[in-house]
Amino acid sequence: MSDWLETPEEGMKVFAVSGIGGIGKTTLLTKLAAEARGASVRVLWVDGQLCLHTPRDVLAYLDMSLETEYGRVRKADETLLAHVVTELYRERTVIIMDNCESLARSESWLLAQLFPRLQDSACLLVMASRTGLPLHWYTDPVWSGRIQSFPLELFTREQIYEYLQDSGLPDRLQQDIAQRSEGHPLLLALTTDLMRREGTDQMETAVQLPRILSAELLREAADPFMYEALQLLSLFPAADQTMLNRLLKHPLRAAEYTALSSLSCVRMVPAGLALHQVVGRILRDDYKQRDPGEYNTMRRLALKLLIELYPAADRLRQMQFAAHALELYREQLPAAHQYVDFSGVHGQEQQQGFCPEDLPYLHRFLEVSLSRSDWQSELVKAGAHHRLLDDIAELSPMSILVTRNAEGIPLGFSAGLWLHAETMPLLERYAPLYLEMLGEEAEQMRTLSSEAADTMCMLLAAVNVDQSFYRPEELGAVLFQAWMIETTNGWRAIIATEDPQLHMLLPLSGFQPKQPQPPDRLQPGMVVWELDFRQASFGRWVERVILQSAQQQELAAEIPPVPWDQVRSLLQHLYNDNLLSSLPILAAAGMSGAGMRDLMQNILAAEPPYPLTELEQHILRESYLRKNYGKSQLADAFHMSRTTFYRHTRQALEHLGHVLAGKLNGFTAKDE
């Protein structure tokens with residue numbers, strides 16, 4: 001950094017910082033930023049989690065940073081790209097870009113569009129991620145000579161002792177810490193915090209230090225008031241003393257807030273204090289397991305506070321609020337449907353951008369999907385799906401999201417189009433019915449530049465059904481989760497489908513039917529869904545989707561459900577008053593057979609109450625109320641195998657058991 005600062009005539013350079021979580025990447029970047037500011041060089045701090053999803057996100061974030069931090073306002077007739085490029089030539093600038101794990105989504109645009117325009121600028125880009133830059137960056141003929149790599153390794157034993165020498169801890173304890181912290185910087189720092197707080201007598205006998213970062217270590221490393229504050233801090237992207245004190249049982253005094261800021265896992269940011277991401281996840285997991293009721297309550301209060309503060313926050317802060325709300329939502333997605341049930345997915349799967357080497361896999365997945373008449377065959381022209389995938393890969397590779405196994409082999413993909421002047425011809429060629437659906441918007445998009453695109457139209461998705469490690473719906477869940485989380489980065493997602501399962505799933509995640517709906521000549525049951533995050537709709541979305549689903553789950557969890565086999569007996573005998581009245585559940589509730597029949601019919605006819613879904617309602621109505629078809633005929637009618645149909649029916653009975661328990665809670669005979 002010092003060399004670059006002392007050589008003003010150098011063109012653009014890239015520093016690539018890499019290392020595992022907690023190794024000190026963000027701390028290093030903070031020091032580099034301070035060094036640059038000390039030399040009176042402009043510094044833009046960029047959070048890659050928020051801005052690397054699309055070219056528009058990158059440019060919008062830089063534009064907002066320039067305006068918010070340096071008062072550089074874009075002219076009304078100037079494009080984002082032109083403004084950013086002009087500004088980065090106008091003054092020497094260091095761009096610090098943390099959390100670049102999502103780089104693959106926009107790297108082709110960076111290398112082909114943005115960086116060539118900046119290669120003669122006095123700009124230094126510092127990029128930090130866990131794995132570092134992809135190999136092809138180092139073989140690129142233009143950029144290979146401009147990149148310097150700085151991989152951060154675990155501390156050596158000598159470095160550990162250098163860190164510990166001023167700690168004031170006894171030599172024997174320093175040796176124990178050196179051995180057990182295994183060179184992990186964050187673990188080393190937190191363990192040292194813990195030992196300093198234990199006191200001399202306890203330090204001499206403390207030999208059982210944890211080998212991994214854990215909630216227990218964090219609890220021991222902080223005083224009780226600090227641990228409560230850390231738990232709460234894990235529910236915010238950042239919070240100052242006033243925000244924390246609004247929700248803490250024991251408000252922090254100024255000295256305690258200062259002490260909290262001195263912990264190794266906490267750093268000062270403009271908005272207050274921010275918790276290390278690894279530590280935040282550990283604390284939330286521990287909080288949920290230890291006291292799920294209190295965790296849900298505090299989570300709800302924290303989200304409501306973010307909603308309250310959102311309108312007055314600047315755009316960068318709003319993006320941080322939205323990203324953090326999605327992180328909390330991702331950790332507790334509603335499990336009312338197989339496509340959002342992540343119980344079988346354990347984190348080895350990777351969400352990455354598209355590589356040309358992926359195409360043979362994706363075509364194979366697509367071929368199998370088309371043979372099964374999956375949803376993507378609905379609006380794309382027959383026989384054009386493979387050509388469409390090839391053209392998307394060539395023209396808009398950032399529109400493809402690939403799920404991979406631990407070895408990097410594709411397991412599934414989703415592909416759409418960012419709608420702008422260069423991609424609208426593809427939509428016209430392969431799925432012209434979407435143009436009718438967009439109406440007047442289509443003409444505006446024909447003149448839109450690629451960096452201004454803010455609408456994604458989903459067209460293709462498929463998974464590997466030949467592998468035996470995951471059920472297809474599990475991989476579908478991972479794809480949907482990734483696409484859903486991407487949506488909230490400030491753009492609009494559109495998907496057209498007649499699939500009844502997607503009709504049930506999409507509203508759960510906040511999608512709304514697009515108005516007006518497509519022409520009547522489309523397939524029966526076709527609905528166009530959209531989720532629009534282009535406007536300041538964050539508060540409404542959190543209220544409608546996250547908080548509502550959380551409250552419903554909490555309520556359902558408080559009352560034990562009626563067992564599924566008892567629910568099945570109720571439905572089987574629903575029209576036989578004698579048998580129905582003899583069931584123990586009616587006697588326990590003090591309800592007549594007629595009263596139970598009316599209740600069940602109302603539940604299965606009204607808008608589905610959580611966790612019962614519309615699809616499950618439909619299955620139960622056809623199976624137990626109308627009874628016009630046998631089980632095999634019903635399975636065919638719902639486009640399921642008989643085994644899948646039985647699994648759905650069992651799940652529907654379990655969910656109806658939750659609903660019924662809530663309805664019967666507190667029921668008395670006078671309620672009939």
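Trainee: Where is the place of N99?

Mentor: N99 sits in the loop between strand 3 and helix 6 (107-118). Keep in mind that this is a predicted model.

Trainee: What is the phi of N99?

Mentor: Start with the general idea. Most residues other than glycine have a negative phi. Now the case here. Phi of N99 is near 55°, a positive value in a residue other than glycine.

Trainee: Is N99 buried or exposed?

Mentor: Buried means under 20% relative accessible area. N99 has a relative accessible area of 12%, so N99 is buried.

Trainee: Which phi does S40 have, positive or negative?

Mentor: Positive, at about 60°, although S40 is not a glycine. S40 is found in the loop between helix 2 (25-38) and strand 2.

Trainee: Is S40 buried or exposed?

Mentor: The cut-off for exposed is over 50%. S40 has a relative accessible area of 67%, so S40 is exposed.

Trainee: Now the sheets. In what order do the 5 strands of the open sheet come?

Mentor: Strands of a sheet pair through backbone hydrogen bonds, either parallel or antiparallel. In this structure, the 5 strands of the open sheet follow the order 2-3-4-1-5, and the pairing is parallel. Strand 2 (42-47) and strand 5 (147-151) are the edge strands, and each pairs on one side only. On average, neighbouring strands of this sheet are turned by 15° against each other, direction ignored.

Trainee: Over how many bridges do strand 2 and strand 3 pair?

Mentor: Over 6 bridges, in the parallel sense. Strand 3 covers residues 93-98. For a landmark, find V43, which stands opposite V94 in strand 3.

Trainee: Which strands does helix 5 touch?

Mentor: Helix 5 (residues 80-90) packs on the sheet and touches strand 2 and strand 3. The direction of helix 5 makes about 140° with that of strand 2.

Trainee: In which sense do strand 12 and strand 14 pair?

Mentor: Antiparallel, over 6 bridges. Strand 12 covers residues 492-497. A496 has V528 in strand 14 as its bridge partner. Strand 13 (residues 512-513) also pairs with strand 14 in the antiparallel sense, over 2 bridges. There, Q512 stands opposite E530.

Trainee: How many residues of strand 14 are buried?

Mentor: In a regular strand the side chains alternate between the two faces of the sheet. Now look at strand 14 (residues 527-532). Of its 6 residues, 5 are buried, so the strand is mostly covered.

Trainee: On to helices. Which residues of helix 13 are buried?

Mentor: An α-helix has 3.6 residues a turn, so residues three or four places apart point the same way. Helix 13 (residues 224-233) is mostly covered, with 7 of its 10 residues buried. They are M226, Y227, A229, L230, Q231, L232 and L233.

Trainee: Let me try a single residue. Which residues does L571 touch?

Mentor: Locate L571 in helix 27 (residues 564-572). L571 counts as buried because its relative accessibility is 1%. Leaving out residues up to four places away in sequence, L571 touches M600, L604, L620, Y624, L653 and L656. Take M600, 29 residues from L571 along the chain: their C-alpha atoms are separated by 8.1 Å.

Trainee: Does R597 count as buried or exposed?

Mentor: Buried, because its relative accessibility is 16%. R597 lies in helix 30 (residues 593-605). With residues up to four places away in sequence not counted, R597 touches L574, Y575, D577 and L580.

Trainee: Now the whole chain. How many helices and strands does the chain have?

Mentor: The chain has 33 helices and 14 strands. Buried residues make up 54% of its 672 residues. Contacts tell about the fold too. Of those with a separation of 6 or more, 72% join residues 24 or more positions apart.

Trainee: What does the accessible surface of the chain come to?

Mentor: About 30,000 Å². Carbon and sulfur atoms account for 51% of that surface.

Note on methods:
Residues are numbered from 1 along each chain as its sequence is written. This is a predicted model: local features need pLDDT of at least 70, side-chain atom pairs count only at pLDDT 80 or more; totals for chains, interfaces and linings use all residues. Side-chain values use heavy atoms; hydrogens and water are left out. Helices (H or I, at least four residues) and strands (E, at least two) are DSSP runs, numbered from the N terminus. Buried means under 20% relative accessible area, exposed over 50%, partly exposed in between (1.4 Å probe, protein chains only). Contact means heavy atoms within 4.5 Å. Accessible areas come from the Shrake-Rupley method with a 1.4 Å probe; for residues, only the protein chains shown count as cover. Two strands pair if DSSP finds at least two bridges between them. Axes are lines fitted to C-alpha atoms, for helices over the stretch in contact, and angles run from 0 to 180 degrees between N-to-C directions.
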